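Please consult the sequence and the structure shown here.

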Amino acid sequence: MDLEERVLEIIRPNDRSKKEVKDKSQDLLKKVKALASKYDCIEDVRLVGSVAKDTYVGRPDIDVFILFSPSTKREVMEETGLLIGDALLTDKEKRYAEHPYVHGHFDGFEVDIVPCYMISDTKMMMSAVDRTPFHTDYIISNLKDGQKSEVILLKQFLKGIDA
């Protein structure tokens, strides 16, 4: 076994840990979708980030994006996203990308619940985070299994050098 394989055996989540992450992510997603269903302006709720791409190292943050209709006023998008995040997370705080979102905890996991617009093309971006679902889709569609290991190794290396 070469060095990379040995390191991957140490840092890659075990089956129990992966199941916990998957179960908690799906539970959170279900709860966000239930709250989102009360608003006509919300078109979708999606898991994004390293959990969606299966490239996380250690205990991951769970990133959920609430996708609003492009016709939604920005203030409504921001306020509704914050309301949903506030309703579901503990130890929560408002953070900012280009606009506010909620960071907090859900069943022992750090979580970001982020509102954005559901656009069909990145040329239509209405906020800086609107591109995130495109990034997630691109990585999921193009990253081969062997490359996931390379991403995990790179992430661990960067953590190791505190970058």
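All seven of the seven residues of strand β2 (residues 62–68) are buried, so the strand is largely enclosed by the rest of the structure. Buried denotes under 20% relative accessible area, exposed over 50%, and partly exposed in between (1.4 Å probe, protein chains only). Strands (E, at least two residues) and helices (H or I, at least four) are DSSP runs numbered from the N terminus.

The model is predicted: local features need pLDDT of at least 70 and side-chain atom pairs pLDDT 80 or more, while totals for chains, interfaces and linings use all residues. Residues are numbered from 1 along each chain as its sequence is written, and side-chain values use heavy atoms, without hydrogens and water.

In a regular strand the side chains alternate between the two faces of the sheet. From β2, I62, V64, I66 and F68 point one way, and D63, F65 and L67 the other. Strand β1 (residues 42–48) pairs with β2 in the antiparallel sense over six bridges; strands pair if DSSP finds at least two bridges between them. Strand β5 (residues 109–117) runs parallel to β2, joined by seven bridges.

The whole structure holds 10 salt bridges, each a side-chain nitrogen of Lys or Arg within 4 Å of a carboxyl oxygen of Asp or Glu.

K19 and D23 both lie in helix α2, four residues apart. K19 is exposed at 51% relative accessible area, whereas D23 is partly exposed at 38%.
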